[in-house]
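Look over the structure shown here before reading on. The paragraphs below go through its strands and then its core.

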Amino acid sequence: VYVLTTSTTTTQAYQYALDTATLTLTGLPTGCDVVILTAGTSTILDQSDANPGTSYSWAYSGTPTVDIGLIKPGYVPYYIRGLTLGSTDSSIPVSLTLDRNYA
């Protein structure tokens, strides 16, 4: 059995990840900014400004090493640096600390 298809050089250039995993961050305060970067760089892989829920999920492929920043006014900024992700789903519970000096 075979199927004839028509494509262009543009569609042939698309790469689709066959195996993906999901990183889930839980315990976030509502409205928290989330940024995921390639470790040690300013290259943004994913981000959310004012994340509407208390969890955040990011689908990725391979086993990237990332830096994660969590920022919300009234809380101490929280960073996870040099996190190597595996090829299976993972979940990280996070607890941001209230900033006593925030006015």
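Strands S1 (21-26) and S4 (55-60) run antiparallel and are joined by 6 bridges. Within this pair, leucine 25 has tyrosine 56 of S4 as its bridge partner. Strands here are DSSP runs of E with at least two residues, numbered from the N terminus, and two strands pair if DSSP finds at least two bridges between them. The model is a predicted one, in which local features need pLDDT of at least 70, side-chain atom pairs count only at pLDDT 80 or more, and totals for chains, interfaces and linings use all residues. Residues are numbered from 1 along each chain as its sequence is written, and side-chain values use heavy atoms, with hydrogens and water left out.

S1 and S4 belong to an open sheet of 3 strands with mixed pairing, in the order S4-S1-S7. S4 and strand S7 (90-93) are the edges; each has a single partner strand, so one side of each has no neighbour in the sheet.

Strands S2 (residues 32-38) and S3 (residues 44-51) are also antiparallel, with 5 bridges between them. Valine 34 lies opposite serine 48 of S3. The two strands make a hairpin with 5 residues between them, and glycine 40 in its turn has a positive phi of about 75°.

What is the largest nonpolar core made of? It has 18 residues, and Leu25, Trp58, Ile68 and Leu70 have the most contacts inside it. S1, S2, S4 and strand S5 (65-71) each supply at least two of its residues. Such a core is a set of buried (under 20% relative accessible area, 1.4 Å probe, protein chains only) Ala, Val, Leu, Ile, Met, Phe, Trp, Tyr and Cys residues joined through side-chain atoms within 4.5 Å. Leaving aside neighbours within four places in sequence, leucine 70 is in contact (heavy atoms within 4.5 Å) with residues including Leu25, Val34 and Leu96.

Definitions and conventions: Helices (H or I, at least four residues) and strands (E, at least two) are DSSP runs, numbered from the N terminus. Buried means under 20% relative accessible area, exposed over 50%, partly exposed in between (1.4 Å probe, protein chains only).
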